[in-house]
Amino acid sequence: MEQNKMYGSRIPRAPKRALKTLTENDVKAKANEENVESIAVKKPRLEESKKGSHGGEEAEWLEMCDKGNMTIDGLLGLKMTGKGKWDHKGRCEQMMPYIRQLRACTRYLRSCVGKADGVKEAMVAEHEKEISEREAELEKLSEKVTELGEQFAESKESVSEMKERNAELRKEMEHKHEVEMGHKVEISTLTNDLAHQKKVVGEKTEEIAKIQDNYVKSQEYAQNLQDFVKKLKEDTQKMNDSLLKIQEEKSELVSDLNLSKGNAAQLEERLQDSKGLVEQLQKQKDALNETLEAMKERHGKAIEEMTSTLKANEAEAKERLDALKGEKKLKEEELARMEGKHKEVCETLEKCEMDLKENVESLKESESKCEGLQTTIKEMEAQHQQELQAKVDQAQADKECFEKEKAALETSIEQKVSDLAETASKLSETSALLESTKAELQQVTSQFESTKADLSAKTAEYGNAMTELKGVTSKLSETSALLESNQSELQEVTNQFESTRTDLRSKTTECENAVSELQKAKEEINRYHEITGQSAENMEKLMEKSKSLEDQNATQNEVLEAIKAQYEMVKQKLSLYEVQNGSVQEQYQSVMKQLDMKDQLLREAEQKIHDGETLRKQLHNQILELKGNIRVFCRTRPLSEEEVNQELSQSIPTISYTTQGEKTGKGLQLHLTTNPKSKKRSSNGETHYNFDFDRSFQENASQEEVFEEISQLVQSALDGYKVCIFAYGQTGSGKTHTMIGNSEAPGMIPRSLEQIFTSGEKMKEQGWQYSISVSMMEIYNEEYKDLLGKKKLPAGKQHTVKHDQQGKTSITYMTDVKVTSMDKVNSLLNKAMSVRSVASTQCNEHSSRSHFVFRLNIEGTNEALGQSVNGVLNLVDLAGSERLSKSQATGDRLKETQSINKSLSALGDVIMAINNGDSHIPYRNSKLTWLLQPCLGNQSKALMFVNVAPSQGSAQETLCSLRFASKVNACEIGTAKRFVS
Ligand SMILES: Nc1ncnc2c1ncn2[C@@H]1O[C@H](COP(=O)(O)OP(=O)(O)OP(=O)(O)O)[C@@H](O)[C@H]1O
């Protein structure tokens, strides 16, 4: 196939020359294909082949080829020609050279093939060799490749790892950013919440204040009540005490009373005696009563007998009346019978009447006699009655006096008097009996009279019946006799009464004796009463007192009760208040809890914010450290009073701050009205310049806020880094204020020292011991000046600065003071400030005409870790950066300004050179850069404050400062290195 390719499947009708060319070309192509070197080998070989065994034919063929009259293609495409179609001879004749040519060609080709085979073999061998070499090489290469592959894989892995890390970092960054954004959102929400909470807290605080007021009032009220109750208790106590005293007095009185009771008992005994006497008297009285009873009985019996006789008489009279009635009837019959006779007897009757009249007259006489009798009886009766009355009166009087005595006795001795009253009542009964007897007597008298009337009626009826009348009269006389006997009996009774009266008198005398005894007893009692009266009086007085006291006590008890009720009410109110208070307290507690929770949340949020902020700072620091940037913070001072008082256009601040997104707190815009040619000039005639820094502090930013941002950097000095913080800006822009400050607002230097001391103390817990030394110097007119040194430099001597390989700086004749406290630092700082070169310039009344360098050497050792660190913190207050034209300095001031500007531009040059990666960094161009060399190199951390003034008058200088700071901000000075050994 190769050959077919070489020679073609068909031999083209080409000139002989073409065959040769073709062959050569083919060979060349083949050689080119197989090996370029083979061509060089082939030619001599071809020439050699001319001289070989078949060299003749080959040579012939080559000759033919050389002559150009034949080529292989030509040979193959050669057609036998003859004179005609059948001119075989001619054709055969043509055939012979053709066959020869063919043979020659074939041989040539064979030889070529053989040679080619040889060449091929050689080439193959060579190739094989080459291949083996190449294979070996390849193997090596493949090994290398595998190695490289591995390395590649490794690097790929590391790349992927790095990518991953990068991605992670990016993610982290994004996350951080998100978190930051979230934090910001959170912060804003939290700020809102905070504001709301503050509002709520304010409201709650007001509420609480009100509640507390109420609580205080209720407490005061409760206190007042308690005081009142206390007073009441005290009063009650006093009352109780007085009551106790009264009770004591009472008990004393009771004892006195007991004593008097003892006396009273004696009196009682005596009274008992007198009672016995009274009893005796009573007995006597009883005996008298008995006799009286007996008399009464007898009298009653007599009266009964009289009554019975009267009754019998009455019955008799009745019987007689009945008999008389019968008789009357009979008589009436007889009368009727006798009426006739009457008439007969009328005359006799008249006579009888006459007789009757006479009888009547005699009856009247007897009646008058009877009346006389009756009057005598009446007189007797009256007499008797008078006597009786007198007796009764006497008895009554006795009774009365007895009763009086009894009443008197009754008042003192009730029971005994009641006995006497009984006696009196009995006496009254006796008198009643007497009365009843009298009444009976009167009854008897009336009966007598009725009987007499009956008799008179009978006499009238039976006037005529004289016999009967006589009988009646005799009966009447009998009755009179009876009456007489009755009278005698009455006399007897009267006698008996008399005797009884005498008895009574004797008893009365006994009674009188008894009464006198009683009187005596009474007197004695009265005496005792008098005796006891006094004590009773006292007792009464005391009782009255006690009573009044009791009344008082009662009233006070009432008051107390009322107060108690009030107290109870108040207590209830108090309990209500307490309940209310409790609920209020609960509310307060819950509100406080809520507040605490909110506080906690706020604290957590603040902590989160703080953590987030520190994390952000750390990350930012890390990024900056990774970038190796020199950090730049811009700080704008507030307008001074002078500037404020300037004309309006001058007093308008030239700086505004970016408020959008990430640029917040970083970006600022300077507005200039002075450059009308500026392309940036806007329609309102202002030119705006935008700047971005790591941080932009507005006019109102406090020293604390500013320090917070650099605290990490300060901390890293403690960790063994070389740190340089310097303040750059025109005169009066606030560099000294930022770096040193004043007692009210200490600047970065005192704050850094404070942090270092506190952190150093904390690090002690981890085994770190720090030795901190301070040196303060100024670079004035390109010369170092020790601000802490006591003496002047020896003549011909000067401060020279040297740096060793480790970046350790030594300055000859420079005072280095070990410091352990802030007081020491402050006193040193004051001393340095007093020595520092200050002058009044066009821009600042107290302008710093030198660079002030506060140098802090921190050597830390940790024996446990076997480590020691060597950190340096350079805090530099640069001299004002204003241009000469601006400062209008002359003479010494001019020289100062020139040297200041020289060193400042050297500082710029050094930073730029580091940024550009120049092989030569012009540290030696100024004393400042030379001193700060280790801290300005690519192994340190640097931060620049660019201080700017916001006034229009300073705008051009501000623009210069900001431009310089912007350039510095873009510089990368390399990654910082920690100096640990
Ligand atoms: N942030 C600030 N807040 C309040 N007052 C400030 C602030 N910055 C500067 N000042 C006041 O501005 C005045 C000038 O400040 P300062 O002396 O610090 O400037 P300076 O840059 O150090 O000047 P110089 O380079 O001439 O020493 C001082 O009276 C200072 O108190």
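**Reading around strand E6**

Colleague: Gly 729 lies in strand E6. What makes a run of residues a strand or a helix here?

Modeller: Both are DSSP runs, numbered from the N terminus: helices are H or I with at least four residues, strands are E with at least two. Keep in mind that this is a predicted model, where local features need pLDDT of at least 70 and side-chain atom pairs count only at pLDDT 80 or more, while totals for chains, interfaces and linings use all residues. Residues are numbered from 1 along each chain as its sequence is written.

Colleague: Fine. Is Gly 729 buried or exposed?

Modeller: The general idea is to count C-beta atoms, placed from the backbone: 20 or more others within 10 Å of a residue's own means buried, 12 or fewer means exposed, and in between is partly exposed. Gly 729 has 31 within 10 Å, so Gly 729 is buried. Next along, Gln 730 sits in the loop between E6 and helix H12 (735-739), and Gln 730 counts as buried because 26 C-beta neighbours fall inside 10 Å.

Colleague: And why is strand E6 described as largely enclosed?

Modeller: Because 8 of the 8 residues of E6 (residues 722-729) are buried. Lys 722, Cys 724, Phe 726 and Tyr 728 point one way, with Val 723, Ile 725, Ala 727 and Gly 729 pointing the other way.

Colleague: Which strands pair with E6?

Modeller: Pairing needs at least two DSSP bridges between two strands. E6 pairs in the parallel sense with E15 (residues 867-877) over 6 bridges, and in the parallel sense with E16 (residues 941-948) over 7 bridges. Take Phe 726: its bridge partner in E15 is Val 876, and in E16 Phe 726 stands opposite Met 944.

Colleague: What does Met 944 touch?

Modeller: A contact means two C-beta atoms, placed from the backbone, within 7 Å. Setting aside residues up to four places away in sequence, Met 944 touches Ile 630, Val 632, Phe 726, Tyr 728, Ala 965 and Val 968.

Colleague: How do I read a nonpolar core, and how many residues has the largest?

Modeller: A core is a set of buried Ala, Val, Leu, Ile, Met, Phe, Trp, Tyr and Cys residues joined through C-beta atoms within 7 Å. The largest has 83 residues, with Met 944 and Ala 965 making the most contacts inside it. A second, separate core of 12 residues includes Cys 65, Ile 72, Tyr 108 and Met 123.

Colleague: What about the open sheet: in which order do its strands run?

Modeller: The order is E2-E3-E4, with antiparallel pairing. The edge strands, pairing on one side only, are E2 (655-657) and E4 (687-692). E3 (residues 667-672) and E4 share 6 bridges, one of them linking Leu 668 to Phe 691. For angles, axes are lines fitted to C-alpha atoms (for helices, over the stretch in contact), and values run from 0 to 180 degrees between N-to-C directions. Helix H19 (residues 955-970) lies across E3 and E4, at about 145° to E3.

Colleague: Last one: where does UniProt place the "binding site" feature?

Modeller: UniProt positions follow the numbering used here, feature names are shortened, and annotations may be inferred rather than shown by experiment. The unreviewed entry places this feature at Gly 729, Gln 730, Thr 731, Gly 732, Ser 733, Gly 734, Lys 735 and Thr 736.
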